[in-house]
Amino acid sequence: MTTTTAAKTTTSPPQRRAWPMPMPEARGPVSALLGEWLLAGPGERPASVMGEVRRAVRRSESLLDDDDLQLSLFMLYELHYGGIADVDDRVEWDPQLLELRAVVEAAFEAELRRTVRQPHARRGVSEALFELVRGDDGPSLSRFVETEASLEQYSEVLVNRSIYTLKEADPHSWGIPRLHTRAKAALVEIQADEYGGGRPDRLHATIFARCMEERDLDSSYGAYADHVHANVFASLNTMSMFGLHRRLRGAIVGHLAAYEMTSSLPCRAYASGIRRLGLGPEASDYFDEHVEADAVHEQIAARDLAGALAADEPELVDDILFGAAACLTVDGMLWGSVLQAFTEGRSSLRLALS
């Protein structure tokens, strides 16, 4: 007992600023009104906020790229995670806020379904997932980092990744209570690795935080929310929406499967690029960790998780494949835009890093 306790004490991660995240700056009328509402507390609803939300949804040319609406949805979802500074925790279940969220979610899901091509399983769902991933041949940011990226560009990659990766695994964990037997066991097996197998210092989010700190970046959650574009929020919001709705449990399983199946080789390239830039093992630790772990997770996610869910609930097969395709499409758009900025000699961020 004494040895175990001592081991856990010595491996505790360094103390960082606790959640909740700071309130982001507004990017339009909806996020401005939402910020006022959240800070006012339960029962305080600014006049005409729902009408403003509906008008913003109608006016939006592309919800996937809409800074105001994606930030607003991110803020609403964050109430179910670590929270926002100075916001009363009771507003998490404010029925008026949930009504507002539902309006944005409906438009967001509709645009996803218009944008993402719905795959179909000609054989088993696992085989369809492998076929879908093999067909994903978009431009590779990881190869650019491996061979060309500067230290400044690598830092921007970390900032863009921080919005999801500093809470890595949490959106997919919403699926655990929504699954049963084989699929639940497979998801828990994957998530246990993501959460460090019981070692706080090996939480993947903690390892990533150390990568940021090696570059003198702020690793507290949401520190760079004002710096990133709407498509960064769209990536996380896709996961949160799938995970928080039981009817979309197939989609969150498919999303995780695609995420795990496309992680190992890019992480190897990132780690190689980090070493090319002359950075030490602390900088590459997160990516090195995922090279081997995600190679194993790939099989578990495709066969034991998605395959088991499809066998137990065959009516969810299309949702599983839709979730996987949404992962590849939305993240492909995000990282493709970062790569395009780099190849054009531009910053990928809204605000420069100080």
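## Cysteines

Cys327 is tucked away: its relative accessible area is 3%, so it counts as buried (buried means under 20% relative accessible area, exposed over 50%, partly exposed in between, with a 1.4 Å probe and protein chains only). Its sulfur sits 13 Å from the closest cysteine sulfur, in Cys267, and that is too far for a bond. Keep in mind that this is a predicted model, where local features need pLDDT of at least 70, side-chain atom pairs count only at pLDDT 80 or more, and totals for chains, interfaces and linings use all residues. Residues are numbered from 1 along each chain as its sequence is written, and side-chain values use heavy atoms, with hydrogens and water left out.

Cys267 is in no disulfide either, as the nearest cysteine sulfur, in Cys211, is 10 Å away. Cys267 is buried too, at 4% relative accessible area.

## Helix α16

Helix α16 covers residues 317–343 (helices are DSSP runs of H or I, at least four residues, and strands are runs of E, at least two, numbered from the N terminus). Its 27 residues should span 39 Å at 1.5 Å a residue, taking 1.5 Å times one less than the number of residues. The end C-alpha atoms are 38 Å apart, which agrees.

Of those 27 residues, 20 are buried, so α16 is mostly covered. Just after α16 comes Gly345, with a positive phi of about 75 degrees.

Ala169 has a phi near 90 degrees. This alanine lies in the loop between α8 (151–165) and α9 (170–173), and is buried at 1% relative accessibility.

Thr181, in helix α10 (residues 181–194), has a positive phi near 45 degrees.

Methods
A disulfide is a pair of cysteine sulfur atoms within 2.5 Å.
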